[in-house]
Protein chains: 2
Amino acid sequence: MAPPAHPDPTPVPLAHVVIVGGGFAGVAAARRLADQPVRVTVVDRHNFHTFLPLLYQVATAGLEPADVAYPIRTIFGSSDNIGFRHGVVREVDHDAGRILLEDGSAIAYDHLVVATGATAAYFAIPGAAQFAMPLYSLADARRLRNRLLASLEEADAAASDARQSLTFVVVGGGPTGVETAGALSELVRIAIRRDGLRLDPSDVRVVLVDQAARLLTGMSAPAGRYAARELARMGVDVQFGRSVVEVESRALRFADGERLETAAVIWAAGVTASGTLAHALQEASGPAGRALVRADLRLVDRPNVWAAGDAAAVPRGERELCAQLAPVAIQSGRHCAEQILATLRGEPTRPFVYRDKGLMATIGRRAAVAQVPGVGLVRGTLGWWAWLGLHLFYLVGFRNRLRVMINWTWRYFDWPSGPRLIVADAETAD
Amino acid sequence: MAPPAHPDPTPVPLAHVVIVGGGFAGVAAARRLADQPVRVTVVDRHNFHTFLPLLYQVATAGLEPADVAYPIRTIFGSSDNIGFRHGVVREVDHDAGRILLEDGSAIAYDHLVVATGATAAYFAIPGAAQFAMPLYSLADARRLRNRLLASLEEADAAASDARQSLTFVVVGGGPTGVETAGALSELVRIAIRRDGLRLDPSDVRVVLVDQAARLLTGMSAPAGRYAARELARMGVDVQFGRSVVEVESRALRFADGERLETAAVIWAAGVTASGTLAHALQEASGPAGRALVRADLRLVDRPNVWAAGDAAAVPRGERELCAQLAPVAIQSGRHCAEQILATLRGEPTRPFVYRDKGLMATIGRRAAVAQVPGVGLVRGTLGWWAWLGLHLFYLVGFRNRLRVMINWTWRYFDWPSGPRLIVADAETAD
């Protein structure tokens with residue numbers, strides 16, 4: 001057969017979009033690009049996506065790591081245009097248009113989305129980075145769980161000689177602090193009652209401290225009051241106006257000079273993007289190390305580099321920034337993807353507009369508080385079910401939803417078989 | 001009110017039975033002593049019981065750690081006479097009648113049950129202890145899973161430059177080796193097909209080697225032939241008559257001089273009690289470091305120290321020893337408990353008699369082989385269901401059974417969402 005007189009023109013290669021970070025923002029961006037005329041590579045140091053809002057449940061032995069983590073490859077298994085690369089990105093070579101990985105390899109991009117998230121902010125408080133326990137990765141959660149359970153075992157072993165007391169301190173009264181303090185109080189109560197620990201529940205204190213005068217400052221004052229009341233009812237000692245000035249191995253010190261011995265300091269005081277890839281993208285970065293972006297989420301000085309989620313100073317209107325929250329990450333990640341597609345089609349980009357879907361926090365079984373725009377405050381059992389439904393809805397993958405549902409149903413009916421395992425090797429590096 | 005003329009006599013304190021090890025033997029012993037007129041303390045380095053027969057499933061990402069582990073305190077939560085102590089036993093002070101723990105504390109006993117299990121046997125093969133990966137603890141399983149998944153990711157990353165080949169070698173053709181090789185072959189196939197790895201399934205080899213001429217030497221010849229046929233059908237390269245003489249970081253060498261490069265050497269070649277507490281109990285111990293016991297499972301030279309499970313040279317008739325199997329551990333643990341109760345009542349002890357309930361091994365989904373006394377060989381799908389039912393029956397705790405059932409149902413119907421997480425910190429110490 002004769003060759004065709006006019007061979008097909010060489011097909012234009014598809015643009016390569018590289019997304020660094022497989023969290024809410026990165027996954028949302030990649031999802032939006034699935035089956036679009038681009039080639040996508042998601043790069044992450046972990047091969048799984050972590051559902052951060054439920055990490056405190058892993059830390060307090062309510063859920064298992066696999067309940068809140070989902071392999072990134074599996075998320076995009078049915079999308080042929082999305083690949084995954086397991087690795088740590090060392091730096092961005094803007095001039096060559098490629099990222100450099102720690103293993104020495106490089107990946108070229110046409111568009112880059114930086115969605116590297118944030119880490120715990122220690123505000124230069126001495127000892128905090130070394131001794132306080134953050135809750136911002138699966139490894140953090142496993143380490144904290146080990147510490148909590150091992151502390152209870154140590155106190156039980158020592159209890160044959162003398163009555164033991166034990167204090168856990170949670171620093172920070174935002175959703176993470178409130179949720180962790182509530183769940184920790186439940187864990188202690190269940191562990192003592194069900195596991196036959198020789199400890200008196202009144203000797204085990206959970207203290208929640210914040211330097212502000214109320215909890216949940218991101219929500220309305222009634223929401224904060226409700227959370228404080230529910231936590232107090234659960235036996236949590238809530239203390240306001242307390243500034244931590246130093247953290248030691250098993251103690252912390254406040255601005256008023258008080259020193260409190262504690263089995264663990266749980267750090268829920270805030271997050272920062274400083275020290276991450278996002279922070280190194282530009283000459284100067286925004287507040288808390290977040291990448292400075294234009295209204296369309298493109299970097300101020302790079303036409304083909306975008307930033308989303310906690311790593312980006314996502315604008316809200318003219319003068320404000322969005323809070324570092326999961327809904328912002330999801331919406332901003334999706335927005336980056338849409339603007340990249342528009343740019344590739346030669347169309348103008350649109351500014352990012354955050355759609356506030358409300359805020360929620362749970363305070364133990366059957367108590368939660370949600371602030372829904374246009375509805376107001378939802379709380380109590382109704383709030384709890386709303387919280388559960390919303391989280392299950394967002395949990396990636398049907399099986400994870402089912403597993404979490406089973407675990408939560410168990411918890412709700414107070415059955416004793418939570419996964420209170422001390423996995424010895426969790427106390428080590430990330 | 002006047003004091004009673006004749007105060008009650010001081011009650012005789014209950015005898016204290018200390019059980020070292022919360023595996024099959026230790027848990028069976030403690031269960032038998034629940035609500036009996038003794039005080040019981042179970043001591044273990046982990047706060048959980050591990051269901052060892054399913055460890056290979058954790059290693060091949062079919063199950064999660066929490067599916068095969070169960071907190072020891074929770075197992076005995078309803079038995080007031082059973083306590084738990086989290087710690088590592090350093091030695092037994094026979095003269096003082098107490099055990100010494102690594103944290104410096106001591107626990108006095110009236111009767112001691114040593115049920116410390118066994119560890120992988122390396123037969124002094126150079127490099128084996130350092131580089132081969134055993135499968136005898138939850139930490140082993142997590143390390144192996146990380147290695148397997150990380151090897152696939154590394155090969156995928158390198159596959160952009162050149163076609164990559166990958167070999168995994170399983171050493172040992174007993175149940176653990178057969179089950180691991182089968183599950184590993186399935187994992188590789190699923191990971192490549194579902195996760196979009198850029199590897200050709202024919203480039204990823206799973207090799208099972210044994211120095212014997214057949215598989216499952218503990219079972220009948222037809223069972224071994226069936227297993228070999230099924231593994232071959234699943235793509236496993238089964239090689240007989242091969243002795244490993246050296247293990248390197250990413251390779252192994254055979255007696256015939258062949259050197260095979262491999263991403264992982266999985267060590268299922270046998271177990272030993274050497275180096276454990278059981279080994280140090282006596283001047284001389286039995287084969288593979290197992291404690292020498294009399295017919296009633298009491299140590300030959302100590303009237304109040306007993307040994308059970310893999311740690312003991314459990315006699316079978318006059319001249320034989322029982323194999324190191326879960327049913328032997330369960331029956332011997334229970335037997336120790338019964339003889340302790342008899343001794344405390346001043347009754348004579350009875351010799352241990354092993355009741356053979358048969359042996360089983362599974363070779364992937366829908367294929368298993370079981371040898372049942374009085375019935376003969378059961379294999380294929382029926383064998384698989386029998387295997388599943390039996391394992392679920394023995395899995396401690398209703399929730400664990402339910403979780404495993406769900407995971408297995410998923411697996412059976414080949415859904416893609418297995419927990420293929422690389423948890424970075426698992427590559428570290430025990």
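Analyst: Two residues are said to be in contact if their C-beta atoms, placed from the backbone, lie within 7 Å. The model examined here is predicted. By that criterion, 12 residues of domain 1 of chain A are in contact with 15 residues of domain 2 of chain A. On the side of domain 1 of chain A that touches domain 2 of chain A, helix α2 (residues 55-59) of chain A gives the most, with five residues. That side of domain 1 of chain A comprises eight nonpolar and four polar residues, and no charged ones.

The two partners can then be placed in the chain. The domain assignment of chain A gives domain 1 as 15-118 + 273-344 and domain 2 as 122-269, along with domain 3 as 357-415. Taken over C-alpha atoms, the centres of domain 1 of chain A and domain 2 of chain A are 32 Å apart.

A strand of chain B may be described next. Strand β12 (residues 166-171) of chain B is mostly covered, with six of its six residues buried. One side of β12(B) carries L166(B), F168(B) and V170(B), the other T167(B), V169(B) and V171(B), and both faces are covered. β12(B) pairs in the parallel sense with strand β13 (residues 204-209) of chain B over six bridges, and T167(B) has R205(B) as its bridge partner in β13(B). Between β12(B) and β13(B) the chain passes through helix α7 (residues 175-195) of chain B, in a right-handed β-α-β crossover. β12(B) also pairs in the parallel sense with strand β18 (residues 264-267) of chain B, over four bridges; in β18(B), W267(B) stands opposite V171(B).

Terms used. Residues are numbered from 1 along each chain as its sequence is written. Chains are lettered from A and ligands numbered from 1 in the order in which they are written. This is a predicted model: local features need pLDDT of at least 70, side-chain atom pairs count only at pLDDT 80 or more; totals for chains, interfaces and linings use all residues. Domain bounds come from an automatic or database domain assignment. Helices (H or I, at least four residues) and strands (E, at least two) are DSSP runs, numbered from the N terminus. Ala, Val, Leu, Ile, Met, Phe, Trp, Tyr, Cys and Pro count as nonpolar, Asp, Glu, Lys and Arg as charged, and the others, Gly among them, as polar. A residue is buried if 20 or more other C-beta atoms lie within 10 Å of its own, exposed if 12 or fewer, and partly exposed in between; C-beta atoms are placed from the backbone. Two strands pair if DSSP finds at least two bridges between them. A crossover is right-handed if, with the strands pointing away from the viewer, the path from the first strand over the helix to the second runs clockwise.
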